[in-house]
Amino acid sequence: MSRLSIDRLHVGYGSTGVLTDICIDIEAGEILVVVGPSGCGKSTLLRTLAGLLTPTSGQILVDGRPITGTSGERALVFQDDGLLRWRSVRRNVELPLAIRKVSKAERQTRAEQWISQVGLKGYENHLPRELSGGMRQRVQLARTLAGTPRVVLADEPFGALDAQTRTTMQRLLVDVWQQHPTTVVFVTHDVDEALFLGDRVAVLGKNGRLKTVIESPAARIPDADSKAARTEILGAVAA
Ligand SMILES: Nc1ncnc2c1ncn2[C@@H]1O[C@H](COP(=O)(O)OP(=O)(O)OP(=O)(O)O)[C@@H](O)[C@H]1O
Ligand SMILES: [Mg+2]
């Protein structure tokens with residue numbers, strides 16, 4: 001897992017600025033959740049962390065080294081599961097291992113371990129279309145983690161799921177993260193999701209500036225009372 005240091009970051013598209021003067025350090029093994037109004041630049045921030053966008057100015061250091069482009073060490077996870085439709089669950093999960101030229105036997109063993117870890121044992125040979133939305137997100141999670149990324153960048157991955165499946169996926173993510181810690185930057189619109197998952201919650205303003213960073217005292221404790229932090233986040237988002 002890596003430490004990320006975002007230093008006076010400005011990012012835009014052409015001459016239009018989106019993110020302005022973002023400074024934040026993300027500790028190795030931390031879950032940092034990013035919230036903010038639609039269009040404020042959350043996805044832009046994740047794409048920049050992934051190395052898909054180049055900052056206008058400022059920089060991002062990963063373990064002290066500037067980002068120069070994309071890397072398998074920083075994995076993006078989306079709302080759309082991004083699975084290959086013609087490949088079975090097993091062959092989707094094997095993908096990051098195949099890219100790294102891991103031998104076929106080891107690929108299979110490791111894919112099976114991850115499939116079982118996300119609760120999909122028995123579905124190895126199913127195609128994505130034969131699974132529910134929640135199950136496909138489990139496959140995406142297994143595939144992402146099979147690549148043992150040092151940073152996971154998640155852009156509203158559970159945004160399209162029903163409330164119950166979403167809660168299940170949040171707990172699954174925490175379970176897996178506790179067993180295989182990695183640095184996570186997680187974007188969401190849902191303040192309760194932010195409080196449950198995040199060690200800290202960064203609030204971006206409409207103007208693309210970082211408004212505040214709030215500690216989440218009840219992080220990862222199911223049904224914990226985090227009323228004060230909740231009120232603080234809602235206040236910051238609305239202000
Ligand atoms: N490829 C692009 N080219 C030009 N402008 C873009 C591009 N992608 C995003 N933008 C603009 O940048 C701003 C930030 O977009 P971004 O997708 O980062 O917001 P967001 O916070 O993720 O929003 P949402 O919550 O709706 O997902 C918006 O004004 C958007 O129109
Ligand atoms: Mg977005």
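User: What makes residues 4-231 a named region here?

Analyst: The label comes from a record: an unreviewed UniProt entry annotates them as "domain: ABC transporter". In this predicted model, the end C-alpha atoms of that span lie 28 Å apart, and the span is 34% helix and 26% strand.

User: How do you know that the span of helix α4 agrees with its number of residues?

Analyst: Helix α4 covers residues 133-146, which is 14 residues. At 1.5 Å a residue, α4 should span 20 Å, and its end C-alpha atoms are 20 Å apart, so the two values agree. Just after α4, Thr-148 takes a positive phi of about 40 degrees.

User: Why is α4 called largely enclosed?

Analyst: Buried means under 20% relative accessible area. Twelve of the 14 residues of α4 are buried, so the rest of the structure largely encloses this helix. Among them are Gly-134, Met-135, Leu-141 and Leu-145.

User: Why is α2 called roughly parallel to α4?

Analyst: The axes of α2 and α4 cross at roughly 25 degrees and come within 7 Å. Angles under 35 degrees count as roughly parallel, so that's what α2 is to α4. Their crossing is right-handed.

User: Which residues of α2 and α4 meet?

Analyst: On the α2 side, Val-89, Asn-92, Val-93, Leu-95, Pro-96 and Leu-97. On the α4 side, they meet Val-139, Ala-142, Arg-143 and Ala-146. Those four α4 residues are also buried.

Key. Residues are numbered from 1 along each chain as its sequence is written. Chains are lettered from A and ligands numbered from 1 in the order in which they are written. This is a predicted model: local features need pLDDT of at least 70, side-chain atom pairs count only at pLDDT 80 or more; totals for chains, interfaces and linings use all residues. Side-chain values use heavy atoms; hydrogens and water are left out. Helices (H or I, at least four residues) and strands (E, at least two) are DSSP runs, numbered from the N terminus. The expected span of a helix is 1.5 Å times one less than its number of residues. Buried means under 20% relative accessible area, exposed over 50%, partly exposed in between (1.4 Å probe, protein chains only). UniProt positions are given in the numbering used here, feature names are shortened, and annotations may be inferred rather than shown by experiment. Axes are lines fitted to C-alpha atoms, for helices over the stretch in contact, and angles run from 0 to 180 degrees between N-to-C directions. Angles under 35 degrees count as roughly parallel, over 145 as roughly antiparallel, 65 to 115 as roughly perpendicular and the rest as oblique. A crossing is left-handed if the near helix is turned anticlockwise from the far one by less than a right angle, and right-handed if clockwise. Contact means heavy atoms within 4.5 Å.
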